[in-house]
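Hi,

Here is the structure I promised to hand over. Please open it alongside this email, and you will find my notes just below.

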Amino acid sequence: MRTARTLRPLFRTRLTSVTRPGVATGVAPLGTRGRWSIANPVTNLIGSVREDASILPTYTVVHPVNGKVHAVQHSTAVDIEQALACAHGALASWSATPLEERKKIFERAADLLESPEWSEKLHTMNRAETSVPEWWSREQLKIAPQMIRALVGYADEALAEKTEKMGDTTFHVTREPYGVCLAIAAWNAVHLLTLRAIVTPLLTGNTVVLKTSEVTPGSQALWAELLYEAGVPKTALSVVHAAPDEAPGLTEQLVRDNRVRHVNFTGSTRVGRIVASLAGAGLKPCIMELGGKAPVLLLPDADIETAASHILFGAFFNQGQVCMSTERVLVPESRFGELVTALQKAWREVEDKSPKAPFRPDAVARLGELVDDAVSKGAQMLIPVAEAGEGTFPHTILGPVAQDMRLWSEESFGPLAVVIPVPDDGAVDTMVDIANESEYGLSAAVWGQDLQNAEKVARRLHSGAVHINSPILVRHLPHQLYSDIPRIAPLNILVIFLPIHPTDDTYADASPKFQSSPQPHNPSEKDSMPEEKAPKTRPMDRVHVLDFEPLHMGYPMASMKSVLLVDFEVQVHGLEEMSKKKKPVSIIIIAHGWANKAEQHWRMASGMLGEISRFERESGVERANDVLVVTLDQRNHGTRRRIKDGRTFQNDPLRLAHMACTITGGKQDQELVMQFLPPYLWPDGEREVAHWLPCGISLGGHTTWRLLRENPKITCGVPIVSLPSETLGSWLANRAETGLKHGTVTKETKYPPSLAAYWDGPTPPNAYKGKKILCIYGGEDAVLPWKVGQEKWEWIKTMQEHPGEMDQWIEPGFGHVITVGMVSKTAEWFWRWAVRQ
């Protein structure tokens, strides 16, 4: 499926016809005003003029946990007029700024975001204004530079002029800015929401007025300051704040003004309706991301135990204060008890169960009313509920919930979800009907072990995004809103305007995780908020659960075709994008890590294909070979999983045997693909394969090393966070022995004599001769440290015929993970040795 570029909604299309001659876009409800009571108050940012803060009227923002207050300038209608006039006056000069110069400004902004000074400044302000978990604030700031660079990368294509000929008439299609764009961004993911609301229109030549959230005015004003430092003119981006009691009137003034030509709003459905109606009266295009009542459909064959942890994560992430939070769980009646047991088991494993403070005090009362209503009508608490202190609300899951309860249809926007059992007879149809009857249609999830059936169900849902066997939350694909709320295209991480319907096919047992939240803060303590726990994973070997979710690099998701080699399923990415020139094909094979599965690699495959295309564009050299990416499941993983007890392999005495068997099996699987996939794809011999390019991560990297060592057809490969075969066995044995001494391993690892030749046997002569090998490591990897393999690495290099045929790249600051940088380096290596030539 194709998606419109993020940038395109924010400029107009001009059509010029040329005919030849002769041819016919929290805050506590105090709203108090007074003089500045603390240093460094948050003020409006309008042009280069900064008013004397000591004489300005203010309102106050109160932290929901520690009660600390800071003052914010209270805007007036005069301030709004000044901001609009400033933005309108700057439009001509900013829109005339060459695109290359604007791109450089935002590249500098991305660089600034990665500096400790700015990252810490933004993080500290966000935590000073809200109860956002520490890890979530910092995670946004890690993602933000990638988002900006992705936008910059799209700019040339999105703004390119097009020429079309019809007969004797030539049509020139150009992209021009709308003008002044109004941005209204929410507080609950303040860094990402503010970024997308202001960077996109500015990059495309629009000017912006940002009306801040009443909850996070300081954080959003800092984003403007960062862009000023990067080079955005102060006149091109104005920031205004509005006290809660006067925000409606000032917002109406902004939306109605004729100088505003585009409106971007993220917030509640109630306010969104008002903003959309005001914009509609002026025939102004607008972008809306509103509320949600996201359902999770557990099909009759769903892996309930694994889904339970994902449900907790989706419901309680950021205290449930996300528009895509899990709100409803639909399950067949016969499996209701099983689900309750699984939820209780998953909840017991959560370390921090303490109630947290919502963004504003009145939210506690409203959540309590919703729970009281449901309980009074027969619903029960399905997980233990902790005692909540003043201003906090406990993590809650209720069930069974029926149609006469408010929680059946009302968005809770808190750490609260409900379970709805449906009759087994016609369960799937009933679940779909219940999911679709909601007025909300932002996001949903479907769980089922039959992926084809799960996808069929997903396509029946009236939801902008549907995730298969994964949490509803934290996805980076754009999507369209479905509901009887006006179908205005929403924003996710990237903004689009085409009604697409992506699905996220992460397989059922995909390393579920639940985020522990901070402990309650004692207002009497003067120290900073306590640190949160890192996200928790279960049920498999935790050090090997690699997170592939952040690997979306801003490129469109590649096409994906599932191919059955008799009973062995592989996924082929990029077939639809291949050129029509019938060039030879270089096929990359991605092999996953110990506790992962093939379905998680769609983003990685798409990123790798996108990076190779980028290298082609930047080099100006046409590729000699087309490229495909193949993903497949290792033995006993994903669709091939047979042992389901989830035992951790480091405590298994036969770990080395398991490893040897899995590595050998993975190598054989890839060799089977090499031999038999081509006739399945091209039965008439339409294409020939020029290169097979193994690229494995962790356990998959071990298979890559074996292929490089033992298969003469493999001439180029990239093992990621993996060790050469010549040193892996001894390292695993030593690690197990050390773990036994320190108590992290409870059973002695067996080293069967029959495996000695496998792990310690001699390397065939010239096994690596002439092979192009790039080894990638995390600099802080304690699972498979790069230094362990250095001696063998240097020995292998002696077999190379020419300099540069072997290299290694160590990414500082990362452990046993896969990163965007690693994907890019892999793509660059393959471009150099197997695609360009």
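The lining of the second largest cavity draws on two domains, with at least three residues from each of domain 1 (58–289) and domain 2 (294–497); these bounds come from an automatic or database domain assignment. A cavity here is a set of points, on a 1 Å grid over the protein atoms alone, where a 1.4 Å probe fits but cannot get out, and a lining residue has an atom within 4 Å of a point. In total 11 residues line this cavity, and Thr130, Ser131, Val132, Trp187 and Asn318 lie nearest its centre. Its space is about 70 Å³, where volume means the space filled by probe spheres set on the points, with grid points joined across faces, edges and corners. Four of the lining residues are nonpolar, seven are polar and none is charged. In that count Ala, Val, Leu, Ile, Met, Phe, Trp, Tyr, Cys and Pro are nonpolar, Asp, Glu, Lys and Arg are charged, and the others, Gly among them, are polar.

Before going on, please keep in mind that this is a predicted model, in which local features need pLDDT of at least 70, side-chain atom pairs count only at pLDDT 80 or more, and totals for chains, interfaces and linings use all residues. Residues are numbered from 1 along each chain as its sequence is written, and side-chain values use heavy atoms, leaving out hydrogens and water.

Now for the chain as a whole. It has 20 helices and 28 strands, taken as DSSP runs numbered from the N terminus (helices are H or I with at least four residues, strands are E with at least two). Of its 837 residues, 61% are buried; buried means under 20% relative accessible area, exposed over 50%, and partly exposed in between, with a 1.4 Å probe and protein chains only. The accessible surface comes to about 32600 Å², and carbon and sulfur atoms account for 53% of that. These areas come from the Shrake-Rupley method with a 1.4 Å probe, and for residues only the protein chains shown count as cover.

Next, some backbone details. Most residues other than glycine have a negative phi, and most peptide bonds are trans. Against that background, a cis peptide bond joins Gly399 and Pro400, with omega at about -10°. Pro400 sits in the loop between β14 (396–399) and β15 (416–422).

Two valines have a positive phi. For Val566 the value is about 65°, and this residue lies in the loop between β21 (560–565) and β22 (568–573). For Val721 phi is near 40°, in the loop between β26 (716–720) and α17 (725–742). Are these two valines buried or exposed? Val566 is exposed, at 70% relative accessible area, whereas Val721 is buried, at 0%.

Leu278, in helix α8 (residues 269–281), is buried at 11% relative accessibility. Val260 belongs to strand β9 (residues 260–266) and is buried at 1%. Val260 and Val209 are 51 residues apart in sequence, and 8.8 Å apart in space from C-alpha to C-alpha.

Finally, the cysteines: the structure holds zero disulfides, a disulfide being a pair of cysteine sulfur atoms within 2.5 Å. Cys86 counts as buried at 15% relative accessibility, and Cys695 is buried at 0%.

Best wishes

Note on methods: 1 Å grid on protein atoms, 1.4 Å probe; cavity = no way out; pocket = protein on both sides within 12 Å on 5 of 7 lines; lining within 4 Å.
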